Amino acid sequence: MAIRERLSGNEAVAYAMKQINPDVVAAFPITPSTEIPQYFSAYVANGEVNTEFIPVESEHSAMSACIGAQAAGGRAMTATSANGLALMWEMLYIASGARLPIVMACVNRALSGPINIHNDHSDSMGARDSGWIQLYSESSQEAYDNMLMAHRIAEHPDVLLPVMVCQDGFITSHAIENIELLEDEKVKEFVGEYKPAHYLLNKENPIAIGPLDHFTHYFEHKRQQAEAMRNAKKVILEVADEFYKLTGRKYGYFEEYKTDDAEVCIVVLNSTAGTAKFVVDKMREEGKKVGLVKPRVFRPFPAPEIAGALARFKAVAVMDKADSFNAAGGPLFTEITSAVLAHGATGPKFINYIYGLGGRDVKADDIEFIYNKLLEIAAPGKVDSIYNYIGVRE
Amino acid sequence: MNYEYKLYEPTWCPGCGNYMIRTALKMALEGLGIEPHEAVIVSGIGQAAKMPHYIKINGFNGLHGRAIPPAIGIKLSNKNLKVIVESGDGDSYGEGGNHFIHGIRRNIDIAHFVHNNQIYGLTKGQASPTTAMGHKTTLQYDGVKIEPIQPLALALTMGAGFVARGFSGDIQRLVSLMKEAINYKGYALVDILQPCVVWNKVNTFSWYRDRVYYLPDDYDYTNKKEAMEKALEFGDRIPIGILYKVEKETYGDKFDFIKKGLPLVDRELNPLDAEKLMNEFI
């Protein structure tokens, strides 16, 4: 019987970490993820976990310590936000390149400068090509569930890649929501023991991690890494299926909401999907055929699947809570439109809205405005502007 | 007084040592007759690093731990500016520790005021690099297990020419320390002890007040050995004042093109001058 609780996103993630009971957690405080190591350090102090907790002097050191721990055969976890993630940057590539399945909670916050502590996705989107698997979470429930599935995906022998579980800073991390938790024993059984095939200090098989890798082999290693990311697609679904049998909660690459007969659709990540569902319900009552697609897995990018899902709509708006500053749309928009083109879906017209940067509130009215814009385009009308911003003074 | 510095409403807690340090800074700048356009405050991230928000002056607020490098860039491009770094113990000695060390080696003419409350205030009470061993915090439930930084001793071993310690509870002396540091030609460190009234219940105002004492008038601040002894004195008694001060050649003075003439920012670049030089080779 599942445990009914009320937890914030940060509490939910820290609780998942307690149940996972990793060997090492290394972290440095940064708003809004500070609470995660803070709650976790209480579990350590109370003897509720057997983890070695390392309060380091910077996020670079946090990721480095996790890399060392994981390379030595341990299970390592950390949590960070914004510039903490940015300071980890070069180490993110070491973790993925050395194929170390570390799990990180990323509580999304806007990158400096100027300094801002509120939510957008510029931090994890900036790390999108660092070789980490990225899972996004609408609620504290999804953050908790994604954390429990993360190790299973990361440590699968066909994958061996680090995983980043993202949730919206403050909106999800600090809001208390109803949540269903699994019993400790079930988590223990589901996550399982970490038994790496290769690790440091193994007297049977001494290895070196990260030595010089010239043009004779580097490319092959990167090709293997790319293949691992492709393999992750299969593993993510297998783990989700097992998780569904355990909990009754279904996860895929993305969630579709009221899309069956929808003519137009919004694609949006994380907590804003919750606001969008409210708007979909309201507009559905008014007889408008609107739907929502909420990606959960951004890395690996489910290109053919998402292109297939979007092909049937007349018009699609992709909402990005990060700007690529490329004069050609946000990161989610460019990924989706390129997937659609590559996989031959010619039906829908696409527009992009950058929204909510630095924690700017996105209102139901904003989302309704976008749906109405899409309905105009589907009427049929024409797309007068592909790249747009909403909720900003111009 | 040429100018009265305007202050803005801060978000610091009532009783925070930062208020006193800001008052001292304002008095030091006004006392030296420095106008807001003649100085710049550079900071990182933290409660102390909010200083540029709360006093009307040129300000550069960058990233956590990274105040020193932009301060170096600012001073080299405009040597006429008085460059002051205001940041906390975490910012300066933790994440910025490497910049602290190498900034001293470079000896740029900047004043570095470190608000040292021996705790992370902004992120709510975790141990900073100066938190004592055994001190229990919101993160270190069983107490801090690693040795604290000894900032003044570290600065001395790195070769800093001006090393001082102040206390936020004595504004008059803090003002004179700040003035001396601003006027010093080269890197000047003032480690300023201040209480964090919310997150540090160990090193309180009275904890500092009962321990600090002023270096006697006959103290020889040019004696490095003695300075090192004073720098390591941090327990029942904590010396306040200039521990060490000697003249040293600044980084800017090592290069004629910086030392002589206008600040780099005011110089006109004339590519045609390069043509003359090139013609010599043709």
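What radius of gyration does chain A have, and what would a compact globule with 394 residues have? I looked this up first. Chain A has 21 Å, and a compact globule with 394 residues would have a value near 21 Å, so the two agree. The radius is taken over C-alpha atoms, and the globule rule is 2.2 Å times the number of residues to the power 0.38.

**Ground rules**

I am working with a predicted model, in which local features need pLDDT of at least 70, side-chain atom pairs count only at pLDDT 80 or more, and totals for chains, interfaces and linings use all residues. Residues are numbered from 1 along each chain as its sequence is written, chains are lettered from A and ligands numbered from 1 in the order in which they are written, and side-chain values use heavy atoms, without hydrogens and water.

**Chain A**

I went on with the secondary structure. Chain A has 13 helices and 15 strands. These are DSSP runs numbered from the N terminus: helices are H or I with at least four residues, strands are E with at least two. The C-alpha trace spans about 70 × 50 × 45 Å along its principal axes.

Next I checked burial. In chain A, 56% of the 394 residues count as buried. Buried means under 20% relative accessible area, exposed over 50%, and partly exposed in between (1.4 Å probe, protein chains only). For contacts with a separation of 6 or more, residues 24 or more positions apart account for 81% in chain A. Contact means heavy atoms within 4.5 Å.

**Ser33(A)**

I found Ser33(A) in the loop between strand S2 (24-27) and helix H2 (35-45). Its relative accessible area is 1%, so Ser33(A) is buried. Its side chain makes a polar contact with the side chain of Ser81(A) at 3.3 Å. A polar contact is a pair of N or O atoms within 3.5 Å; within protein, one must be able to donate a hydrogen and the other to accept it, and residues adjacent in sequence count only if both atoms are side-chain atoms. Setting aside neighbours within four places in sequence, I list Asn10(A), Ala79(A), Thr80(A), Ser81(A) and Val107(A) as contacts of Ser33(A).

**Asp366(A)**

I placed Asp366(A) in helix H13 (residues 364-378). Asp366(A) has 16% relative accessibility, so it counts as buried. Its side chain reaches the backbone nitrogen of Lys363(A) at 2.9 Å. Beyond neighbours within four places in sequence, Asp366(A) is in contact with Asp361(A) and Ile390(A).

**Chain B**

Then I turned to chain B. I noted 11 helices and 8 strands. Its radius of gyration is 20 Å, close to the 19 Å that the globule rule gives for 282 residues, so chain B is as compact as a globular protein of that length. Its C-alpha trace spans about 75 × 45 × 40 Å along the principal axes. Buried residues make up 52% of the 282. Residues 24 or more positions apart account for 70% of its contacts with a separation of 6 or more.

**Ala71(B)**

My last stop was Ala71(B), in helix H3 (residues 68-77). Is Ala71(B) buried or exposed? Ala71(B) counts as buried, because its relative accessibility is 0%. Not counting residues up to four places away in sequence, Ala71(B) touches Val42(B), Val83(B), Val85(B) and Ile110(B). The C-alpha atom of His112(B), 41 residues away along the chain, is 9.8 Å from that of Ala71(B).
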